[in-house]
Amino acid sequence: MPFGNSHNQLKMKFSSEQEYPDLSKHNNHMAKVLTPALYEKLRSKQTPSGFTLDDVIQTGVDNPGHPFIMTVGCVAGDEETYEVFKELLDPIIQDRHGGYKPTDKHKTDLNPSNLKGGDDLDANYVLSSRVRTGRSICGFCLPPHCSRGERRAVEKLSVEALGALTGDLKGKYYALKNMTEAEQQQLIDDHFLFDKPVSPLLLASGMARDWPDARGIWHNDNKTFLVWVNEEDHLRVISMQKGGNMKEVFNRFCTGLTKIEELFKNKGHAFMWNEHLGYVLTCPSNLGTGLRAGVHVKLPNLSKYRQFEEILKRLRLQKRGTGGVDTAAVGGVFDISNADRLGFSEVELVQMVVDGVKLLIVMEKRLEKGQAIEDLMPAQK
Amino acid sequence: MPFGNTHNNFKLNYSVEDEFPDLTKHNNHMAKVLTKEMYAKLRDKQTPTGFTVDDVIQTGVDNPGHPFIMTVGCVAGDEESYEVFKDLLDPVISDRHGGYKATDKHKTDLNFENLKGGDDLDPNYVLSSRVRTGRSIKGYALPPHNSRGERRAVEKLSVEALNSLDGEFKGKYYPLMSMTDAEQEQLIADHFLFDKPVSPLLLGAGMARDWPDARGIWHNENKTFLVWVNEEDHLRVISMQKGGNMKEVFKRFCVGLQRIEEIFKKHNHGFMWNEHLGFILTCPSNLGTGLRGGVHVKLTKLSTHAKFEEILNRLRLQKRGTGGVDTASVGGVFDISNADRIGSSEVDQVQCVVDGVKLMVEMEKKLEKGESIDSMIPAQK
């Protein structure tokens, strides 16, 4: 958690060597990239809002490594973090996002008619479909660093903007502070609600401060379009429904998101975006589209197949448990989603999920019948 | 955890009302004392090391209340915190420490010969005896706020000082970073070792940053005198042994502590102390003596007596589980220790424990025989 550590006036009296974190047992992107020389260069800098290098890296120092996932190990505290600390963050972004260079440009495509197919994933296997992204609001610090006043201002602005949605997007805001336990449990069971983070990765970045102040969930009456306010990002926008009609989910996602963006712009607060990094979010892993499109799909046979990981990799997909990040799969049901965020557009990423999941189901059906699937092995996308 | 929140340059652009934490559901000393007016007055101040009021209170904001214990809800980041934020901390101290006034003076007495008795607590009931205190080293920020460089400097100084001890105090330092799993398990089982905190109260204060860097345990060869380095305070000094000879434990405690203090003074880093607050520690609850003298004692019957809490209250004692703060008792064995820290001396406090435990063991024996203890209920000390 960005701490007093980071604005401790005495630390500059100590040499860079004395202050440099011990990363000898660490395995995350930050630890791979940071060097004593780089630390020395950046340690005296801060963004206009006062975010320092130590703030950026604290989560990575406190969390040496995840047993199964290569974590990022750093966060942004505001839009300018990606500029002031680019010498650290550019290599991390490159390492994390498949070689994305500091000179590369990112493409945004939120036109749902560009998605081919996706309306016919087998509902006997695909239990639910979901697309989420994040958005940051210009002019406010990000969750690791924002003050209570800023966070509340983001909430107020968001509630006003969302309150103007109509039609099948018409909905209501539920502040975490006022929610009853029953409402809360229902929303968790429906996979709608977020709760105070328990993951040390998230806690260490400072995003859980003042919980549950100014946190809440907005959703439409149908519960197919949701917005989380002030969790890991200012906004998380989610479209979801039971079954395998990813096309419909993505359609709603794009329409809703575009409307929300207009509403925010009208209020004088655009989303943080630039042509190099796309949408700017708290975690460098979510830059670009910030998009994770996925399904909960039954793959009890395929998931035990020795080349399961390899298949996912080639399809540019990743697996998670059904509780979300850092959870385990239950009953052979996996959360399968796109692995990439940056360097591909929204349409491209959802296309990968649609095509990839279709193939995984074909493989699952073969394995159920005891048939081989080697001929189905995909090439690296 | 004192966070970016606390040195966020934008927060002063927001009104006091916008920034004031929501404490409506809170029950801790900080929440009882802090008002908007006080917050308005203090919010733009900082100590020379840069600790702000938001740093002080973050743990109390993030932890609304403990089900059984009235928590303090604030911490100091350095010696000056108690001066710069006295408008908040003096009332908290007064409330916590039985009405201790801003003008009161604290008495230090580490002359073990002033303790009467204490060498004959019944070992059939008293399983072990222990006295601990904390010490802060002048010139360094405290655990919620120190930088890695500062923490390492405290460790280096401490190891030098401790390694010069001899006789029954001759010992060795074990840094957490290089301890083997086996050594660690043994030390935990012996009730010697501290581990990375899990209590959200402690985590919320920022003291676990960079764990386990510069943390360690020093102990003498007999394992009866231990020093924790860089846990919740710079130093925690502990004297302990099996059985009920509290007198011996306290003697070793006083002698060892004074030798350590001499060595630190020679290095020009005395302990933080003043005549009003006594020894300065991270948590306002540990000011004064910082002393917790206690026993693990079997009180199976007495602990279920209707007046158990009242008896403890009158004896100025408190109970904890055998795992330390925030744990449950196991098998009718309780950790019984002095409740006070400031306004009475070390000798006074250990005397309370010795006299109080002696009485409770007698009560336990009476209850075992089915006899009443009504005549033994003590007056309020």
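In this predicted model, residues 11-98 of chain A are 47% helix and 0% strand, with end C-alpha atoms 36 Å apart; helices (H or I, at least four residues) and strands (E, at least two) are DSSP runs numbered from the N terminus. An unreviewed UniProt entry annotates this span as "domain: Phosphagen kinase N-terminal", and such annotations may be inferred rather than shown by experiment.

Chain B and chain A meet through 52 residues of chain B and 53 residues of chain A, contact meaning heavy atoms within 4.5 Å. The interface is summarised below.

| Property of the interface of chain B and chain A | Value |
|---|---|
| Buried area (accessible area lost by the two parts on being put together, 1.4 Å probe, summed over both) | about 3600 Å² |
| Share of buried area on carbon and sulfur atoms | 46% |
| Salt bridges (side-chain nitrogen of Lys or Arg within 4 Å of a carboxyl oxygen of Asp or Glu) | 3 |

A:Asp54 pairs with B:Arg148 in a salt bridge whose closest N and O atoms are 2.7 Å apart. On the side of chain B that touches chain A, the elements giving two or more residues are α1 (4-7), α2 (16-19), α5 (53-62) and α8 (148-163) of chain B. Of these, α5(B) gives the most, with 6 residues.

A:Leu360 touches, among others, A:Leu302, A:Ile311 and A:Ile336, not counting residues up to four places away in sequence.

Residues are numbered from 1 along each chain as its sequence is written, and chains are lettered from A in the order in which they are written. Local features need pLDDT of at least 70, side-chain atom pairs count only at pLDDT 80 or more, totals for chains, interfaces and linings use all residues, and side-chain values use heavy atoms, leaving out hydrogens and water.
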